[in-house]
Amino acid sequence: MAVVVILVLLAAGSVLFHLLSPWWWTPIASNWNYIDNTLIITFWITGVVFVAVVLFMAYCVLRFRHRPGNRAAYEPENKKLESWLAAGTTLGVAAMLTPGLFVWHQFVTVPAGASEVEVVGQQWLWSYRLPGVDGKLGTSETRDISPENSLGLNRNDAAALDDIVIEGGELHLEIGKPVKVLLRSVDVLHDFYVPEFRAKMDMVPGMVTYFWMTPTRTGTFEVLCAELCGVGHPQMRGTVVVDSEADYQTWLASQQTFSQLMAAAQTKETAQAENAAPAR
Amino acid sequence: MVDIRSGTDGALEHAEVEDVELYHPHSWWTRYVFSQDAKIIAVQYASTAIAIGMVALVLSWLMRLQLGYPGAFAFIDAERYYQFITMHGMIMVIYLLTALFLGGFGNYLIPLMLGARDMVFPYANMLSYWIYLLAVLVLAASFFAPGGPTGAGWTLYPPQAVLSGTPGGKDWGILLMLSSLILFIIGFTMGGLNYVVTVLQGRARGMTLMRMPLTIWGIFTATVMALLAFPALFVACVMMMFDRVLGTSFFMPAIVEMGEQLQHGGGSPILFQHLFWFFGHPEVYIVALPAFGIVSDLISTHARKNIFGYRMMVWAIVIIGALSFVVWAHHMYVSGMNPYFGFFFATTTLIIAVPTALKVYNWVLTLWRGDIHLTLPMLFALAFIVTFVNGGLTGLFLGNVVVDVPLSDTMFVVAHFHMVMGVAPILVIFGAIYHWYPKVTGRMLNEAMGQLHFWITFVGAYLIFFPMHYLGLIGVPRRYYEMGETAFMPASAHTLNEFITIAALIVGAAQIVFLFNLVWCIRHGRDAGGNPWRATTLEWQTPETPPRHGNWKELPVVYRWAYDYSVPGAPEDFIPQNQPGPDNLTREAAT
């Protein structure tokens, strides 16, 4: 009998926990509320099935538990019942899969006007790159990475020279503007993960991955790494700020381009060489 | 359609087997240590698996202590934490679950349930165990190696698995892990071939395929899958070892590690993930299918009722087994593979839910109008259904590609796979041990200790993993040594983590009661007799309990399916498979 009580408590408790517990997703800050909606549909369908199965079991145990003189029924198969159950299940599955695939189609279709921004992961630091005035990200190569050129940009590519490079700083995005986030890693797998954006994607050394989204809420959000990348994995945090258009432009104006960074590095090098010379 | 039940039929000729001469042991060593008797090998496999499983249990305690009380235990630093989670995962999936279901239950039950004297190749079967033991020892050795075991996560994703930012990446850890896996696969292949050939060639007269108990169908299908899936892991391990030792670049692109250019280039980290999951997803069902099969027999026996829809149950096992080879990339929706794969793999993954759901319906419909004896095996079977349904349903979140995006790599995933392939199959293992221990030892396990063990384990495990889903929903990522302060994670979530840790410590401790019960009852258990559950299958009809080497005096002949419980008109509520029956006790007479 204890089993019946526990089964009923477990089903009821799970539902109450779901409805009453304070633990729910963080408010969304991107266009992917479609994902949240699909998740809600899935919660309803699966929740009903779970409760139904557990309560049915509880009823069976209560009703058909062994008592002296009882004998089980003998019914090897029931084609009709089995077909109904199969059809019902297929329908339920289709009800979850169909909206899922529709939303996935949106997820993989980057809108034509989306601007590009690059996120580069390394153990255990986030860096970012924005296209400069030409609106194009220049080419890059892991082999070209050096202390002065930490993202491995191609010095001979005019498109790269005006790119804005943010090494270990904050990324700012403009509210309401769709953005294609290009992802690159220079060492191991990482994953650019901002819980409020819902979208996430692994970064894989040797290739460029991407996802897209439109920020819908201004604010400061934490960037986490969601793919195990070594002992520093939990410390690999960053910040992304969603700005209004005016704030975004102010921020953008204060950033340095790749060629400015190169020039600064060269000046520093020359100065060091001059300082070092008299000592010899 | 094949008549799955009784009568004399033409199928007898096909399944006819000649009697075999077995190796006769001459000493204690060849009888109990280097034994070729599948039953002894089964106990060896099971004992080794449970022993290394206890290590994994302690590791889970340690990692839960860190998550519940971050920083409170100085010796659990980040390196050790990642070593603990890696070893816990690998031990549980491969060295405990796979080895126990196939090496343990497979060895014990296949010959006995099919009415064979032993496995078809007893010598290779013995080798299988000793290579498995070697694999376990190599794995355990990595705890004592310089640098300790690998901390790459059980998925061992390169490049980090072989780089210095990961514990054991540039030391012995990863090498010992890869070597151990390679050994395991070699050992498993010898055992696995044996199980498949024995099922196909070694069945008793009259034991047609469609009369086999579902336990055997589950183990058989899982073994076929393992023989096809493990080679992918084998290849991946060998290639990664080459990358690490010889400097090849199978999985290594150009890499700048901590500012230093490495001499690798051109390789693909994603290739490893495809190979790993081509093995890894079937592996889920390699664990699940034997559990499906066993739990079907537990429910049927203890509800005194035939399993509902036997033929559908068999086909569901086979279809799930086949489909599980085309769903692997649902583990990789956010891996950076071509996103259009998502359409295909989400569809196949959700299709697999249909035969799986049908199995669940048939289990609960077997309870319907049954005569349910609430024995320990039945309790564990009921608990299995609850946890498996729960874990299976959350699989519909993660399998539906777009819903996976926010949940992937969070604690939701951890909660899901623990519920569905950790808790659920382990509950079946417990139920199966309470069920078959009387045959293995001739004695019953202690009921009071069993009840204590059951209630703490079932309720406790549910309390650990059900709330954990909601941590993932908040957005808490998995594999985090510490969360620190984050805006999206409320302070109350830390309290929840503490609660989960306390529950995990208690559930872990309850397993000590179980182990004590196992050992204590070898000598002090109540005498079981030959067939304490009044079951129909052949292993309960052996002339001796425990069965001697060779199992039978004269090979049994099978006259009916495994589920003749409560047949109308029969004097008892069960008819053993080897009992020739009056022909009027058939399905036609029942309907």
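In this predicted model, chain A is divided into domain 1, covering residues 2-63 and 81-108, and domain 2, covering residues 115-269. Chain A also touches chain B, in a contact that takes 84 residues from chain A and 100 residues from chain B. Within chain B, helices α4 and α7 pack at an angle of about 130°.

**The two domains of chain A**
- The C-alpha centres of domain 1 and domain 2 of chain A lie 38 Å apart.
- Eight residues of domain 1 of chain A are in contact with 13 residues of domain 2 of chain A.
- On the domain 1 side of this contact in chain A, five residues are nonpolar, three are polar and none is charged.

**Chain B against chain A**
- On the side of chain B that touches chain A, helix α12 (residues 376-399) gives the most, with nine residues.
- That side of chain B has 67 nonpolar, 22 polar and 11 charged residues.

**The annotated span of chain B**
- An unreviewed UniProt entry places the feature "domain: Cytochrome oxidase subunit I profile" at residues 23-559 of chain B.
- Residues 23-559 of chain B are 66% helix and 1% strand, and the end C-alpha atoms of the span lie 29 Å apart.

**Helices α4 and α7 of chain B**
- Two packed helices are described by the angle between their axes and the distance between the axes.
- For α4 (residues 78-114) and α7 (residues 214-245) of chain B, the angle is about 130° and the axes are 10 Å apart.
- Therefore α4(B) is oblique to α7(B).
- The crossing of α4(B) past α7(B) is left-handed.
- Residues of α4(B), including B:L102, B:F105 and B:G106, meet residues of α7(B), including B:T215, B:I216 and B:I219.
- This contact of α4(B) with α7(B) has 10 nonpolar residues, three polar and no charged.

Technical notes
Residues numbered from 1 in each chain as written. Chains lettered and ligands numbered in written order. Predicted model: local features only at pLDDT ≥ 70, side-chain atom pairs only at ≥ 80, totals over all residues. Domains from an automatic or database assignment. Contact = placed C-beta atoms within 7 Å. Nonpolar A, V, L, I, M, F, W, Y, C, P; charged D, E, K, R; others polar. Helix = DSSP H or I, 4+ residues; strand = E, 2+ residues; numbered from the N terminus. UniProt positions renumbered as here; feature names shortened; annotations may be inferred. Axes fitted to C-alpha atoms, helices over the stretch in contact; angles between N-to-C directions. Parallel < 35°, antiparallel > 145°, perpendicular 65-115°, else oblique. Left-handed = near helix turned anticlockwise from the far one by under 90°.
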